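Please keep the sequence and the structure in view while reading.

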Amino acid sequence: MALGWTSSNPLVLHGRHFGRTVFSLCNFPALLTAGILRLEELQDSPIEDYPADVRREHRVFMNLIDSYPGLLDRITTGEEEDVIHIGELLGKGASGARGDDTKTIKSAVLDWLVPRGQVVIPPLSRNIKSDRGFNHEVTGALLCPAGLDWSDTATKLSLKSGETAVRGDQWPMFLYAGYEYDPEDPWKGLLRGEILIFGFKHVFTSPSSVDREPKATRSGNAYLHGMKSVTKGSLAYVATQVRFALSSSSVFSRTDTVTDSENFYHSILNLLEDPDESEEVVDLMTWWTRRIFPNSSSSQRDISKNSALYKIREKRAALQARAN
């Protein structure tokens with residue numbers, strides 16, 4: 001095996017974290033190649049003139065460039081085959097991380113379905129997924145699209161038989177806090193489901209942290225990459241992984257029309273990146289960061305009222321008010 005392809009290659013390691021936290025389901029060689037060409041085009045026309053999907057691709061490209069020192073020089077001065085090789089290394093990392101997480105969450109998710117000490121009835125296999133999805137009462141209730149009634153026999157049979165096909169943009173109940181959906185307020189509790197929190201801790205702060213108070217352990221992926229806040233990409237990634245783990249599909253595939261995972265992943269990201277939803281999104285991301293990284297400065301906690309810092313800020317505010 002060539003040295004460049006080993007899992008310890010810096011580009012492979014970066015691809016693992018980038019896929020988990022920024023953008024997972026993409027062709028990295030194509031992303032880099034198109035990004036270089038677009039940088040030249042943007043000298044003549046602004047990015048706002050491009051379609052939404054191209055603008056997102058460019059944001060992902062620029063995020064990748066900014067997150068890896070020296071990468072822009074390497075891809076703009078290298079040959080085309082060098083650019084493709086760099087993209088393949090990044091892609092190897094992203095797909096490797098996705099595969100690792102899919103494998104471990106497949107088993108771990110069974111411990112998150114019912115409160116500790118209780119058992120899933122009927123029992124579910126850790127290795128075989130065919131009895132999950134709409135074939136089981138518990139996983140079916142969690143995967144049931146918001147707005148449909150899983151307790152309705154006709155609905156349940158239609159989902160189980162596949163007569164009612166569920167698209168990726170029909171979001172499941174497990175995304176909601178308390179697994180309750182309010183059609184009058186669809187933002188209420190969205191992306192705050194308990195099973196999502198378990199999934200996030202499993203991937204980012206180490207599997208053993210799921211049952212404990214949130215903290216980034218030294219072996220966790222968040223600690224290893226200096227991650228101090230929850231990103232939009234990481235939330236969409238974990239939601240996609242948990243959704244797949246609950247499903248009866250055995251192999252994760254971007255083109256699988258049954259689970260429609262790619263459409264689901266993009267639909268979550270589309271909401272989180274929508275400027276019109278920014279108020280709710282900021283509130284959501286702050287909530288997540290406080291849950292997962294409570295000691296991080298990104299948690300933006302209120303300053304203690306009896307502290308010196310609070311007094312300094314209070315005095316400064318009073319001086320500014322007088323000046324105005």
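A residue is called buried when its relative accessible area is under 20%, exposed when it is over 50%, and partly exposed in between, with a 1.4 Å probe and protein chains only. The model is predicted, so that local features need pLDDT of at least 70 and side-chain atom pairs count only at pLDDT 80 or more, while totals for chains, interfaces and linings use all residues. Residues are numbered from 1 along each chain as its sequence is written, and side-chain values use heavy atoms, with hydrogens and water left out.

The protein chain has 13 helices and zero strands; helices (H or I, at least four residues) and strands (E, at least two) are DSSP runs, numbered from the N terminus. Of the 324 residues, 44% are buried. The accessible surface comes to about 17600 Å², and carbon and sulfur atoms account for 51% of it; such areas come from the Shrake-Rupley method with a 1.4 Å probe, and for residues only the protein chains shown count as cover. Among contacts (heavy atoms within 4.5 Å) between residues at least 6 apart in sequence, 63% join residues at least 24 apart.

Helix H5 covers residues 80-108 and includes Asp 82. Leu 90 also belongs to helix H5. Beyond its neighbours within four places in sequence, Leu 90 is in contact with Leu 11, His 14, Gly 15, Phe 28, Leu 32 and Leu 64. For His 14, the C-alpha to C-alpha distance to Leu 90 is 6.7 Å, although 76 residues separate them in sequence.

The peptide bond from Ile 121 to Pro 122 is cis, with omega near -10°, and Pro 122 is located in the loop between H5 and helix H6 (137-143). Tyr 179 is not a glycine, yet its phi is positive, about 55°. This tyrosine, Tyr 179, sits in the loop between helix H7 (153-161) and helix H8 (194-205), and it is partly exposed because its relative accessible area is 29%. Asp 260, likewise not a glycine, has a positive phi near 50° and lies in the loop between helix H10 (232-246) and helix H11 (261-272). Why is Asp 260 classed as buried? Asp 260 is buried because its relative accessible area is 17%.
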